[in-house]
Amino acid sequence: MVVTGSPSSRVQGVAHGVAPGKFGSNYAPPLIFGVLLILVLCVVLSEIAEGGIDSKALAMLGVLSAVNAALRPLGAGTAGIETVFFVLVLVLAGRVYGPGFGFTLGCTSLFASALITGGVGPWMPYQMFGCAFAGMPAGLLPRASGRREVLMLAVYGSLSGYLFGFLLNLSFWPFSLDPGSSIAYLPGLPFTEQWQRYLAFDVATSLGWDTGRAVTNFVCVTLAGPAVLTTFRRAARRARFRAAARFEGTREAARR
């Protein structure tokens with residue numbers, strides 16, 4: 001929680017040109033949501049053009065988005081313990097199907113979940129953004145197999161729990177101005193000092209909550225990761241299109 005200052009300090013915060021929470025709550029979420037939609041569309045079109053996503057992969061994307069949206073409410077989120085928040089489907093699917101798929105799945109999963117649970121609000125675009133950038137790096141991790149791969153994904157899943165909270169705090173920290181606080185954003189300060197303030201804010205407000213998510217992610221991936229990876233890879237193999245048939249004899253006859 002940000003340390004609040006005196007009433008005069010709050011007036012000074014407004015005098016800086018941005019009312020606390022005004023820009024962040026009214027203008028930024030719709031703008032970020034629109035940018036995310038365009039970005040997701042560009043990623044999907046790019047993956048289709050390069051052959052990374054085909055019609056069957058799009059169908060898989062829809063299925064996994066629905067599964068993730070249905071599983072998410074099962075995690076109550078008490079003390080940050082969100083048993084099926086996004087890591088099992090999002091991180092492991094990003095590992096198997098690639099970074100573009102993981103990025104898109106993060107956005108679509110949170111969007112579908114918000115519609116199902118009634119969680120549509122100014123926080124939704126930031127959650128979509130955070131989950132998208134948690135699923136994408138999973139497809140960029142180095143090659144590994146067996147227990148080494150599961151351990152690597154478990155460690156990354158744990159780090160992604162912290163990454164999600166770190167990114168989500170940016171949804172309101174730059175707009176919660178309070179010159180009387182030592183951890184609030186203060187316009188005019190150099191980047192290094194702003195960065196120190198933000199790190200202190202993250203540690204003071206959400207580190208404990210994010211630790212619960214990180215531990216849960218590590219345990220879930222360690223226990224269920226091998227089975228989920230096997231299922232995803234089996235589905236990926238079966239979903240591949242067969243090579244197009246070529247009729248060489250017919251072509252030679254046509255040339256004659």
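# Briefing: an all-helix chain, its rings and its salt bridges

Tyr185 is partly exposed, with a relative accessible area of 25%. Here buried means under 20% relative accessible area, exposed over 50%, and partly exposed in between (1.4 Å probe, protein chains only). The model is predicted: local features need pLDDT of at least 70, side-chain atom pairs count only at pLDDT 80 or more, and totals for chains, interfaces and linings use all residues. Residues are numbered from 1 along each chain as its sequence is written, and side-chain values use heavy atoms, with hydrogens and water left out.

**Overall fold**

- The protein chain has eleven helices and zero strands (DSSP runs numbered from the N terminus: helices are H or I, at least four residues; strands are E, at least two).
- Of its 256 residues, 40% count as buried.
- Among contacts (heavy atoms within 4.5 Å) with a separation of 6 or more, 76% join residues 24 or more positions apart.
- The chain exposes about 14,000 Å², and carbon and sulfur atoms supply 67% of that area (Shrake-Rupley method, 1.4 Å probe; for residues, only the protein chains shown count as cover).

**Salt bridges**

- The whole structure holds three salt bridges (a side-chain nitrogen of Lys or Arg within 4 Å of a carboxyl oxygen of Asp or Glu).
- Glu149 pairs with Arg95, with the closest N and O atoms 2.9 Å apart. Glu149 lies in helix α8 and Arg95 in helix α5 (residues 87-97), so this pair ties together parts 54 residues apart in sequence.
- Glu149 also meets Arg233 in a salt bridge, at 2.4 Å from N to O. This pair links helix α8 to helix α10, 84 residues apart.
- Glu149 is buried at 3% relative accessibility, while Arg233 is partly exposed at 31%.
- Arg213 bridges to Asp210, with the closest N and O atoms 2.9 Å apart. Both lie in helix α10, three residues apart, about one turn of the helix. Arg213 is buried at 5%, and Asp210 is buried at 3%.

**Aromatic pairs**

- A search of the whole structure finds eleven aromatic pairs. The centres of the Tyr97 and Phe101 rings are 4.8 Å apart and the planes stand at 40°, so the pair is tilted.
- Rings of Phe, Tyr and Trp (its six-membered ring) pair if their centres lie within 6.5 Å; planes under 30 degrees apart are stacked, over 60 edge-to-face, and the rest tilted.
- Tyr97 is buried at 17%, and Phe101 is buried at 2%.
- Trp173 and Tyr185 pair edge-to-face, 5.5 Å centre to centre with 75° between the planes. Both lie in the loop between α8 (146-168) and α9 (191-205), twelve residues apart in sequence. Trp173 is buried at 6%.
- One aromatic cluster includes Phe166, Trp173, Tyr185 and Trp195.

**Nonpolar surface patch**

- Leu151, Val155, Leu159, Val215, Phe218, Val219 and Leu223 make a nonpolar surface patch of about 640 Å². Helices α8 and α10 (207-238) each give two or more residues to the patch.
- Patches take residues with over 30% relative accessible area and no salt bridge; like charges are joined within 9 Å, nonpolar side chains (Val, Leu, Ile, Met, Phe, Trp, Tyr) within 5 Å.
- Helix α10 supplies the largest share, four residues. Val219 lies in this helix and is partly exposed at 40%.
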